[in-house]
Amino acid sequence: MSGTVRQITVTTDPGTPYFLRVDWAIDLGAGFTLTLSDGSSGWIGEVSEDEITRETNDMGVEIERYVEDLHQALTGGNKEEEGGGSVTEKDVYSFYLTPDHCRLLYKKICKGILVHLGSVELQPAPDPLELNRGMIGQSLQHSTDLELENHKLLEENHRLKQEHQRILRELEQHVQDKEAMERELYSRFVMVLNEKKAKIRGLLDSVRHLQQAKDEQRDEDGRESSNDVREGEEGRHNKEEEETGQSLSESQKSTVLITDPIISVKRKFRSGNDRSLPAGLFPATVLESNRALFVGRVCCVLTVYCPTL
């Protein structure tokens, strides 16, 4: 069983303070009981689930929306009375009590339009004093529950504040550790970077020296190759000169051989040993043989020096 006690203002009797107590089992949509008191008198009323269903059908609204408005009207109170500041017209609820205190009506003002939410028939309480005691006791119990809840909330708030401060301290410590680690890592990085730079410089020097040695070796090989080529050309030239000299010698020898018979024949006949022929004349057979020998040797010489002929 749930219930609330609150003070309301009745529009038809604004000078008298009224106290309204509402009790329900499941929710207001399943029915509820209502108790009204002005401090000296009391009235009791009850609203069934069928009556709530009939009201929703008459208004043409959904049951959930009607129960929400009903809960706001009976338990939430008038926002303007509670000093809620700026209140829209749809948040304003009002109560009306008949002069004979037999019926209590509750309405809603939405955008300047007064909407009837429902009503409850009241019966005088048999013992108003006991009714007032019960309402006061329930109010005190509700106040005690609120104080306990408030105390729990304060403790939770205090715990959360301490946790928040602890987290802030840990965060500051983590920030300091992070900065110290960054400085250490940066110093290590600079040291490693310098070592890498020195190693790279050494490797570059080694590559440069190797390149210079390679270039020098290539130049040396080029000079040796040039010398070998030049020596080879000189050797071929000398060999050709030797061959040319040998050819010339053979040619000269052939020429001597060609002229030798003629010279010998001329000398033979010029010697004057043969007195039967006139001086300066040679026998025909001797001349023909010498001429044939001379032509053969000339052909040999031409074959040696001019092979293409």
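**Fold, core and helix contact in a predicted model**

Of the contacts in the protein chain between residues at least 6 apart in sequence, 45% join residues at least 24 apart, where contact means heavy atoms within 4.5 Å. The structure is a predicted model, in which local features need pLDDT of at least 70 and side-chain atom pairs count only at pLDDT 80 or more, while totals for chains, interfaces and linings use all residues. Residues are numbered from 1 along each chain as its sequence is written, and side-chain values use heavy atoms, with hydrogens and water left out.

The protein chain contains four helices and seven strands; these are DSSP runs, with helices being H or I of at least four residues and strands E of at least two, numbered from the N terminus. Along the sequence, their order is β-β-β-β-α-α-β-β-β-α-α. Of the 309 residues, 20% are buried, that is, under 20% relative accessible area, with exposed being over 50% and partly exposed in between (1.4 Å probe, protein chains only). The accessible surface of the protein chain is about 22300 Å², and carbon and sulfur atoms hold 55% of that surface (Shrake-Rupley method, 1.4 Å probe).

The largest nonpolar core has 26 residues. Such a core is a set of buried Ala, Val, Leu, Ile, Met, Phe, Trp, Tyr and Cys residues joined through side-chain atoms within 4.5 Å. The members that touch the most others are Leu20, Phe32, Leu34, Leu36, Leu74 and Tyr106. Helix α2 gives five residues, the largest share of this core.

Helix α1 (residues 49-59) and helix α2 (residues 63-76) have axes that come within 10 Å and cross at roughly 110°. The axes are lines fitted to C-alpha atoms over the stretch in contact, and angles run from 0 to 180 degrees between N-to-C directions. The two helices are therefore roughly perpendicular to each other, a term for angles of 65 to 115 degrees. Ile52, Glu55, Thr56 and Met59 of α1 make the contact with Ile63, Tyr66 and Leu70 of α2.

His101 lies in the loop between β5 and β6. Phi of His101 is near 55°, a positive value in a residue other than glycine. Most residues other than glycine have a negative phi. With 24% relative accessibility, His101 counts as partly exposed.

How values were computed:
Parallel < 35°, antiparallel > 145°, perpendicular 65-115°, else oblique.
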